[in-house]
Amino acid sequence: MVRLGIPDKIRGKVYAKILKVGKLSEYETNYDAALRRIYGKSIPDDPLPPTFGGRFHKNQLALTKEGVTVMEHILCILQHDFPNLEYSPMLPPLLALLTHHMESPNELLGAIVSIVKRSMNRDKLDISAPAASNPAHSSSKSRRPRGTSAKSADRWTYIATYRKDTMLLARAFGNFFHRTNRKLHAHITTLQEKLPEPIWMSWICDLFIGVLPQAMLWRVLDLFVVEGYKALFRVGIALFLLCKDQLMQQTSIDAVVALLTPITSLDGTTMFVCTIDDLMKQANSISCSRADVRKLQNHHWSLAAVSKSDELPNMQYQYQRGKPKLQQESKIIKEEVYWIAIWSWVPHKLRMSELELIFTTKEHGHHILTFYEKTKGRKPLLLVLETVEGAVFGAYLSTPFPESDDWNKFVGNGKVPNTIITMADHIS
């Protein structure tokens, strides 16, 4: 039923069932009690909600004044009940879309709480007490349910819930796009290279509001409630593939955006580059298996190792970078996705270079002097090591290893930083 489209009259009930709103506690679904909890007796008619870094799209979605007020109150409730949730630009547009269909404020609150909990990997936790004693409101260091490892947890599930994850989610879409159609991906990336962020960043953060006609948005929302962020990936790739021939003819990113923007005529008719049925058929034909998702998550974890800070330079995550051309295959890093991650950390001007394997213990042995002899005077260097337990780490070195007389000194050129690289411990 979801693939064919959920009927409007029962969409809210189906969403509540899928999201298991009925299994949430009253604390999580009682809208009136939540208002009293955060405001006391004086409930404002015109609340000042947090944006979480996103946009509300009130006008584009034609929400009523009552609907907008309920949505703004719920955003305030989320801010109160999830104090660690500070940046999630997908949250306001998602709430706006759900406001159209949930049958009551209680169900709307329950639906968005369910999504937030799953996205923060707290689906096993119950927010049924004030923040001071509530395990779901613990510090940001505890982001996964007990017993769930970094590998087994679905990092995003529905929405990204902090700044770095949002950038990495967009980066993962870029990887998926690159794997699906490299020629089209290269063309779009070239056109948008001067933009502060790729065009699909806003697609994902706004859940295609402003990109797809409203009738299509409801079908995308149907898939999203069932599949989570994977649905956005499949719909985005489907849109690119359906318009592939037209997109390849465009010579500017403005022309690409214009092509993919719905046009409403004076009589209210909306014209778009494809039909609902064509978009859904194409999206449903795109494979996004558990193995595919796992590779995207593995890529996320390798990128997350770059920095523990959420304030990362946009250029690090802006566009998909091709993997390096290898003169000889690596015995340690075999999967393309990891080379893509490593190559994105290399300075831009060097990304057209080939990688030459100049030392490997399997061919040259383990003597340190042999290592120094092979690397003497060579720069820059990419050092990759694998422990006996299978963990992989390494470094990008902008300067050559020092001569024997300078082994006790720090080295570097003062311009390009030497970078420590850590990768997921299951790389083979």
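The largest pocket has a volume of about 1,200 Å³. The model is predicted: local features need pLDDT of at least 70, side-chain atom pairs count only at pLDDT 80 or more, and totals for chains, interfaces and linings use all residues. Residues are numbered from 1 along each chain as its sequence is written, and side-chain values use heavy atoms, without hydrogens and water.

**The largest pocket**

- Leu357, Phe359, Leu382, Leu383 and Val384 are the closest to the pocket centre among the 40 residues that line the largest pocket.
- A pocket here is an open set of points on a 1 Å grid over the protein atoms alone, where a 1.4 Å probe fits, with protein on both sides within 12 Å along at least five of seven lines; lining residues have an atom within 4 Å of a point.
- Its volume is the space filled by probe spheres set on the points, which are joined across faces, edges and corners.
- Strand E5 (381-386) is one of the elements that supply at least two lining residues each, and E5 gives the most, with six.
- Helices (H or I, at least four residues) and strands (E, at least two) are DSSP runs, numbered from the N terminus.

**Nonpolar cores**

- The largest nonpolar core has 92 residues, and Leu98, Leu212, Leu239 and Phe240 have the most contacts inside it.
- Helix H11 (residues 229-242) gives the most to this core, with nine residues.
- Another core, of seven residues, lies apart from it and includes Ile332, Tyr338, Trp339 and Val392.
- A nonpolar core is a set of buried Ala, Val, Leu, Ile, Met, Phe, Trp, Tyr and Cys residues joined through side-chain atoms within 4.5 Å; buried means under 20% relative accessible area (1.4 Å probe, protein chains only).
- Leaving aside neighbours within four places in sequence, Leu239 is in contact (heavy atoms within 4.5 Å) with residues including Trp203, Leu260 and Phe272.

**Helix H10**

- The 14 residues of helix H10 (residues 214-227) should span 20 Å at 1.5 Å a residue, and its end C-alpha atoms are 20 Å apart, which agrees; the expected span is 1.5 Å times one less than the number of residues.
- Ten of the 14 residues of H10 are buried, so H10 is largely enclosed by the rest of the structure.
- Among the buried residues of H10 are Met216, Trp218, Arg219 and Asp222.
- Helix H1 (11-18), helix H5 (91-99), H11 and helix H14 (276-285) are among what covers the buried residues of H10.
- Gly228, with a positive phi near 80°, follows H10.

Conventions. Buried means under 20% relative accessible area, exposed over 50%, partly exposed in between (1.4 Å probe, protein chains only).
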